[in-house]
Structures are given as structure tokens and as C-alpha cells.
Amino acid sequence: MKVLKVPARTIAVFVLPCLLLYVCLVFVPIVVSIYTGLLKWDGLTPSNFIGLGNFKDMFFNDPIFWPSVRRTLLYAVASMLEIPLCLLMAILLNRYLRKANTLVSIYFTPVILSVVIIGQLWKTIYNPASMGGMLNGVLTSLGLESWTHNWLTEPNIAMFALYFVSLWQYFGYHLLIQFTGVQNIPDELYEAAKIDGADGFKADRYITLPLIVPIFKISIVLAFIGSLQAFDLVMVMTGGGPAHATDVISTHMYNSSFLSFKYGYGSAIATFLVAVCLVFTGFINFFFNKLEKKYN
């Protein structure tokens with residue numbers, strides 16, 4: 001069979017428009033944000049170049065910044081903890097249910113809902129029982145009144161309430177990714193393993209897990225980076241309150257830029273967020289590349 005060789009110029013003609021669009025929409029805003037982070041600017045009056053002054057204030061003088069970083073990282077770690085559960089559920093669904101696609105589609109439903117709808121729905125669920133909150137109402141009816149809380153107004157609990165909503169929303173998303181990966185593994189491999197005495201979870205250990213590593217990596221990267229950029233759900237449900245108890249990096253950046261009119265400082269926070277995303281993405285890719293080489 002003769003392989004058709006495509007000239008490099010032809011490839012460039014098709015690739016260049018998309019590459020230019022990507023550069024304009026991604027790299028140019030990042031560069032502009034880095035430059036703006038070096039300015040003292042309120043968005044209205046002329047700016048002043050202050051070098052690394054915004055970064056110095058961010059790291060050493062901002063009492064909100066480091067707690068927001070900690071919450072964001074916990075948000076990211078929590079989002080990754082559900083992925084092994086999604087993989088386990090995908091294996092069980094693929095093995096024991098004939099029409100598992102329907103069930104996976106049902107789990108995927110929260111993903112296609114607007115974040116505003118999800119936020120308002122869970123705000124209603126988390127409301128105090130006196131305001132018709134379903135969660136506190138159920139706990140009270142079960143005689144567990146000591147377990148009831150003001151879920152979104154208690155500083156020590158509010159962030160965990162948000163974690164749970166985010167996990168619930170994206171569970172179906174990662175389940176679909178893992179389920180698709182499991183389905184694409186050829187049945188012949190499991191049949192050959194069964195002949196050799198490896199069946200059930202033993203076959204999963206030696207066949208499913210090694211072959212699912214690239215798909216598992218995709219879920220990990222998407223979950224981690226998506227959680228680092230968490231913004232909309234937090235703004236809808238708590239706005240970063242009470243008393244900044246649920247502020248994450250993105251909400252702190254928003255409040256600094258658009259409420260305090262510190263656009264230069266907000267750009268510095270955005271630059272830090274981009275750097276964290278790049279560093280952790282590189283680390284995750286490095287770890288999983290090592291893992292793939294081990295299995296290959």
C-alpha cells in the first residue's frame with residue numbers, strides 16, 4: 001500500500017490558522033497578564049510600573065492569599081480522590097450491567113446543567129430546616145439534630161460543603177471518561193487471561209489498570225486543573241464568604257480586580273495561578289509517563 005506524502009507547506013496551511021487563534025486567545029492574554037502584574041493600576045487612572053511589588057505584597061502582606069491557596073489545593077486534591085472510585089464503578093458497570101450506557105448517561109446529567117442552577121439547588125438543600133433546607137430536614141426527621149449545621153455560613157464547614165457539591169457535579173464526567181476507556185479494552189485480552197487463570201479483579205490488576213493509565217491521567221489532569229481554576233460554583237453559593245472562609249485563588253483574584261480595583265494585583269494573582277497550573281500539569285505528566293513506561 002502506497003503512503004501519500006503530504007508536503008509540509010500544505011500541513012502548515014491547515015495548522016497555521018488554528019495555531020494563530022490559539023496564540024491570540026491563550027498566550028497573548030497570559031503575556032499581557034504577566035505584564036499587568038508588574039503595574040500598580042486601578043483600571044481607570046494611568047498605571048505605574050512597580051516591578052515585583054505586587055508579587056511581594058501577594059506572598060508576604062496579604063492575609064487572604066495563602067489561605068485561599070491552601071483551600072484551592074485541597075479542592076484539587078479532593079477532586080482527584082473520586083477518580084479511583086469512578087474507575088472502580090466503570091469496571092463494575094461494564095462487567096455486570098448490559099445497558100450500562102444508560103446509567104452512565106444518568107450520572108452525566110449534572111455535568112450538562114448550568115453551574116448557577118446547581119449552585120442554587122444546593123443552596124436550597126443546605127438551607128436551615130426553618131427555611132426548608134432538605135438536608136437539615138432529613139437529619140432532624142431521623143433524630144440526628146446534632147448533625148445539623150448552617151452548612152454555608154459556618155467557616156469550618158462551608159468549604160467542605162462546596163467540595164461535596166463539586167464532587168457530585170463532576171462524578172458523572174469522570175465516570176464517562178473511565179467507562180469509555182474500560183470499554184475500549186479488547187475482550188480478547190480478558191478471554192486469554194481467563195484461560196491462564198486470571199479472572200475478575202485479578203484480570204483487572206494485570207490488564208485493565210495498565211491499559212487504563214493514559215485515560216486515568218486525562219481525568220487526573222482535568223480534575224486537578226479544573227479545581228485550581230474553580231470560580232463559578234464558589235461565587236454562586238458563597239461568594240467567598242463567610243469572612244473569606246471559602247475564598248479560593250480565582251475568587252480572590254476577582255475580588256481584588258473588580259471589587260477593590262487593584263487590577264495589577266489581580267493580574268499578579270492570575271500569573272501565580274497560571275504558573276501553579278503549569279507546574280502541576282508537568283509533574284502529573286512526568287509521573288504518569290514514568291508509570292506508562294513501567295507497564296510497557
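A crossing is left-handed if the near helix is turned anticlockwise from the far one by less than a right angle, and right-handed if clockwise.

**Model notes.** This is a predicted model, so I kept in mind that local features need pLDDT of at least 70, side-chain atom pairs count only at pLDDT 80 or more, and totals for chains, interfaces and linings use all residues. Residues are numbered from 1 along each chain as its sequence is written, and side-chain values use heavy atoms, with hydrogens and water left out.

**Overall.** I found 12 helices and two strands (DSSP runs: helices H or I, at least four residues; strands E, at least two; numbered from the N terminus). Of the 296 residues, 39% are buried (under 20% relative accessible area, 1.4 Å probe, protein chains only).

**α3 against α7.** I looked up helix α3 (residues 65-96) and helix α7 (residues 155-183): their axes come within 7 Å and cross at roughly 40°. Axes here are lines fitted to C-alpha atoms over the stretch in contact, with angles from 0 to 180 degrees between N-to-C directions. α3 passes α7 in a right-handed crossing.

**Core.** Next I checked the largest nonpolar core, which has 39 residues (buried Ala, Val, Leu, Ile, Met, Phe, Trp, Tyr and Cys joined through side-chain atoms within 4.5 Å). Among the members touching the most others are Leu93, Leu175 and Phe224. α3 gives the largest share, 11 residues.

Methods
Buried < 20%, exposed > 50% of the residue type's maximum accessible area, 1.4 Å probe, protein only.
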